[in-house]
Amino acid sequence: MKEFSVPKEIENIGEILVKGGYDAYLVGGCVRDLLIGEKPKDWDITTDAHPEKIQKLFPESVYENEFGTVGVKTRSEDPTLKVVEITTFRIEGTYSDKRHPDEVKFAKTIEEDLSRRDFTVNAMAINLKNKISNLKNDIVDPYSGQKDLKNKIIRTVGDAEKRFQEDALRMLRAVRFSAQLGFEIEKETQKAIKKNIVLLKHIAEERIRDEFQKLIMTSRSAEGAFTLQELGLLEYIIPELLEGVGCTQNKHHVYTVFEHNVRALEYATEKNYSFEVRLAALLHDVGKPRTKNGTGENATFYNHEMVGARIAKDALDRLRFPRDVVQRVRHLIRYHMFYYNVGEVSEAGVRRFIARVGVENIDDILNVREADRVGSKVPKAFPYKLRHLLFMIDKVRHDPVHPKMLAVKGDEIMRLLNIPAGPRVGDILFVLLEEVLDDPSKNNKEYLEEKVREFGALSPLELKKLADEGRKKKDLIEEGVENDMKKRYFVK
């Protein structure tokens, strides 16, 4: 039997439990990870000691749940070991709501505890008593989890339908573990998923969101996305993506919209981009099916990035993603279609581009653009013109591109014109910024104060008209040559 190296903190906890007269087992995901040679992301211990007994053995502990789990503080510098969860052996009753057990009862044996777990690869335990006695590790494996690990199979513990009827989220977990570990989902387990898929409607959006996010952050996220679609699970996560299944594009694309989106996610994952970039890559063309006009190689998708941004926002709001995540993904999708060609766009145009998308978003927008290109099977992810854009951005990135960067602030405008805060101040700031975007040398206090007095002499209607004209002024990056390019490439 294979020996395992476990942290001193875990050994100490096991030793205290055993000396107190109780059983102590490592259980669940940490056992699985140890067996496949990976460092566990967290450590879970199970025991026959009841919560109040565990608390007496570990004064520095927290018990604030109804599932028999006590969090033991270890003072470890390793974040995965700061709090180790110890759970009393338990069995669970029926699941009336398909989400939570109606009751939790403490069990007497480790075998009873393992019988309630989801998949065989998560239903193994290592006896810490033997580890402490310097004997070989005793692996408790009543459901052949080690065999399934060796064969790279995800299989439920016992009857698959019963496991999914207990907690429907396990269907998503099966796909997530499949992607995380690079395993296949066993055939009977797949059949049970397809048969019971409707039970997902009972699952809270937050739980679905969390499982979906974990899948997106695996190294095989694209495989997971394809599996979600094949098993019918995607309908209960982001059904809008399914509109791209079978939706062909034009002569600039070899994949359907759905496959293109997933391949963009695959590239973003390979590059280890952030969660927001991965999500934006997966959803960047979600608006194409609704904007498609025509068929064959000359099909068009005018304004798909704007439509897609709205679709993505609605989908992510429905899953209750945090507001900042939703807004960032929406922004990345909205502006991923920017146009830039060497020699066709001025420094002022680049400044306006930065002002529009935000300097803090430049890198991620370019990352989504890379993913989009690779998802289209083009030869270069980052061609010369995008490298040249980076050069231009670096050249002008310290120029004023936001009202906060102007030499004259809002409170100074109010003082100079003796006016209160309000839309008039905002209009003046906007018109000042338009001048500075064209010529950064004008961003000096003396010149801008003179312009403030000039604009202040205008009537409210005249000033508003001037500001509105500025707001309607198309960004040079999105004007003229871009429209010609969009016609050539069948997008808008």
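Modeller: Before we start, helices and strands here are DSSP runs, helices with at least four residues and strands with at least two, numbered from the N terminus. Keep in mind that this is a predicted model.

Biologist: Got it. Which helices and strands supply at least two residues each to the lining of the largest pocket?

Modeller: They are α2 (29-35), β2 (44-47), β5 (83-88), β6 (90-92), α8 (169-181) and α10 (205-216). Helix α8 gives the most, with seven residues. The pocket's volume is about 1400 Å³. Of its 42 lining residues, D44, R117, D118, R173 and R176 are the closest to the centre.

Biologist: What makes D44 and R117 charged residues in that lining?

Modeller: Asp, Glu, Lys and Arg count as charged, and D44 is an Asp and R117 an Arg, so both belong to that class. The whole lining divides into 21 charged, twelve nonpolar and nine polar residues.

Biologist: There's a cavity too. Why is it called a cavity and not a pocket?

Modeller: In a cavity a 1.4 Å probe fits but cannot get out, whereas a pocket is an open set of points. The structure holds one cavity of 30 Å³ or more, and the largest cavity has a volume of about 30 Å³.

Biologist: Which residues line the largest cavity?

Modeller: L172, E211, F212, L215, L228 and I237 do. Helix α10 gives the most to this lining, with three residues. By class there are five nonpolar, no polar and one charged.

Biologist: Which residues meet where α17 packs on α19?

Modeller: From α17 you have E347, V350, R351, F353 and I354, and from α19 there are L389, M392, I393, K395 and V396. This contact has seven nonpolar, no polar and three charged residues.

Biologist: Last one. How do you know that R318 forms a salt bridge with E240?

Modeller: The cut-off is 4 Å between a side-chain nitrogen of Lys or Arg and a carboxyl oxygen of Asp or Glu. The closest N and O atoms of R318 and E240 are 2.9 Å apart, so the pair counts as a salt bridge. R318 sits in helix α15 (residues 304-318) and E240 in the loop between α11 (221-231) and α12 (257-270), so the pair, 78 residues apart, links distant parts of the chain. In total, the structure holds 37 salt bridges.

Methods. Residues are numbered from 1 along each chain as its sequence is written. This is a predicted model: local features need pLDDT of at least 70, side-chain atom pairs count only at pLDDT 80 or more; totals for chains, interfaces and linings use all residues. Side-chain values use heavy atoms; hydrogens and water are left out. Contact means heavy atoms within 4.5 Å. On a 1 Å grid over the protein atoms alone, a cavity is a set of points where a 1.4 Å probe fits but cannot get out, and a pocket is an open set with protein on both sides within 12 Å along at least five of seven lines; lining residues have an atom within 4 Å of a point. Grid points are joined across faces, edges and corners, and a volume is the space filled by probe spheres set on the points.
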